Amino acid sequence: MASAQAESERQPLVQLSTRTLPDAATGNNPEYAAAEARPDGDIASSPGHMLPVRVTMGILMCSAWIVAYSDRTNISLAIIAMEEDLGFGTQVDGMVFGAFFGGYFFTQILGGWSANHWGGKRVMAFAVAMWSTWTVLTPPAARLSVLALVVCRVMLGLGEGLALPALHHVTAQWSPAHERSRFVAFVTSGQHIGKAVALACSPLVAL
């Protein structure tokens with residue numbers, strides 16, 4: 001069943017059956033079986049859903065990107081409090097900031113291969129769970145040791161490195177060609193929203 005689902009997600013959008021959506025189980029899911037495609041290849045909303053499927057996917061992907069950039073940005077303000085509470089210096093600050101990108105670099109190709117093999121939605125879900133877990137572990141790790149903090153940042157980077165290729169895979173499968181640029185623009189706007197949210201909320205959390 002898993003291989004069949006992954007294969008269905010790899011199908012080009014224009015080749016999808018008018019009765020099937022990507023990642024749908026073959027013929028056994030009435031929710032997906034009821035979905036219809038418009039004549040121009042666009043995917044309409046299925047019965048019981050208020051929004052078209054592509055719009056729902058866009059909102060979910062944008063939300064994931066907001067969380068991702070919030071999690072990678074918040075350390076830039078939290079490190080100021082860490083310097084006061086834990087005695088960190090500029091050398092430690094540089095190690096903490098660089099650790100994220102060290103992990104982020106190594107999973108780009110792996111993320112693309114994984115998305116193509118297992119499907120972008122599954123890889124994205126795993127990536128969000130992974131980087132969120134290491135974000136939660138960051139405060140106790142910082143109090144434990146600098147090494148533990150650096151490891152958390154590396155692992156967070158590994159998780160977010162999987163997400164970017166998965167995002168492009170989902171975009172290719174769930175947005176029609178004539179709307180793809182708008183879909184990408186909407187989803188990637190989450191990067192800037194996430195940065196703004198983190199920079200605005202971190203001082204409030206500190207207070």
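## Overall fold

The protein chain of this predicted model contains nine helices and zero strands, and its elements, read from the N terminus on, run α-α-α-α-α-α-α-α-α. Of the 207 residues in the protein chain, 43% are buried.

## The salt bridge of Arg 54 and Glu 179

The structure holds two salt bridges. In one of them, the side chain of Arg 54 meets that of Glu 179, with a distance of 2.6 Å from N to O. Because Arg 54 belongs to helix α3 (residues 53-73), while Glu 179 sits in the loop between α8 (146-174) and α9 (180-206), this pair ties together parts of the chain that are 125 residues apart in sequence.

Both partners fall under the 20% limit that defines a buried residue: Arg 54 has a relative accessible area of 13% and is therefore buried, and Glu 179, with a relative accessible area of 16%, is buried as well.

## The salt bridge of Arg 72 and Glu 160

A salt bridge is also formed by Arg 72 and Glu 160, whose closest N and O atoms are 2.8 Å apart. This pair, too, links distant parts of the chain, since Arg 72 is in helix α3 and Glu 160 is in helix α8, 88 residues apart.

Arg 72 is buried, with a relative accessible area of 14%, and Glu 160 is buried with a relative accessible area of 1%. The side chain of Arg 72 is also joined to that of Tyr 69 by a polar contact of 3.5 Å, so that Arg 72 takes part both in this contact and in the salt bridge with Glu 160.

## Tyr 69 and Thr 73 in helix α3

Tyr 69 has its place in helix α3 and is buried, its relative accessible area being 10%. When residues up to four places away in sequence are not counted, Tyr 69 touches Gln 191, Gly 194 and Lys 195. The C-alpha atoms of Tyr 69 and Gly 190 are 7.8 Å apart in space, although these residues are 121 residues apart in sequence.

Thr 73 also has its place in helix α3, and with a relative accessible area of 13% this residue is buried. Leaving aside neighbours within four places in sequence, Thr 73 is in contact with Lys 195, Ala 198 and Leu 199.

## Thr 135 in helix α7

Thr 135 lies in helix α7 (residues 120-144) and counts as buried at 18% relative accessibility. Apart from its neighbours within four places in sequence, Thr 135 is in contact with Asp 71 and Leu 156.

## Cysteines

The structure holds zero disulfides. Cys 62 counts as buried at 6% relative accessibility, whereas Cys 201 is partly exposed, with a relative accessible area of 36%.

Leu 51, Val 55, Ile 59 and Phe 186 form a nonpolar patch on the surface, and together they have about 300 Å² of accessible area. Of these residues, Leu 51 is found in the loop between α2 (30-33) and α3, where its relative accessibility of 39% makes it count as partly exposed.

Pro 203, whose place is in helix α9, likewise counts as partly exposed at 39% relative accessibility. Its C-alpha atom is separated by 9.8 Å from that of Asn 74, a residue 129 residues apart from Pro 203 along the chain.

Key: Residues are numbered from 1 along each chain as its sequence is written. This is a predicted model: local features need pLDDT of at least 70, side-chain atom pairs count only at pLDDT 80 or more; totals for chains, interfaces and linings use all residues. Side-chain values use heavy atoms; hydrogens and water are left out. A salt bridge is a side-chain nitrogen of Lys or Arg within 4 Å of a carboxyl oxygen of Asp or Glu. Helices (H or I, at least four residues) and strands (E, at least two) are DSSP runs, numbered from the N terminus. Buried means under 20% relative accessible area, exposed over 50%, partly exposed in between (1.4 Å probe, protein chains only). Contact means heavy atoms within 4.5 Å. A polar contact is a pair of N or O atoms within 3.5 Å; within protein, one must be able to donate a hydrogen and the other to accept it, and residues adjacent in sequence count only if both atoms are side-chain atoms. A disulfide is a pair of cysteine sulfur atoms within 2.5 Å. Patches are made of residues with over 30% relative accessible area and no salt bridge: like charges are joined within 9 Å, nonpolar side chains (Val, Leu, Ile, Met, Phe, Trp, Tyr) within 5 Å. Accessible areas come from the Shrake-Rupley method with a 1.4 Å probe; for residues, only the protein chains shown count as cover.
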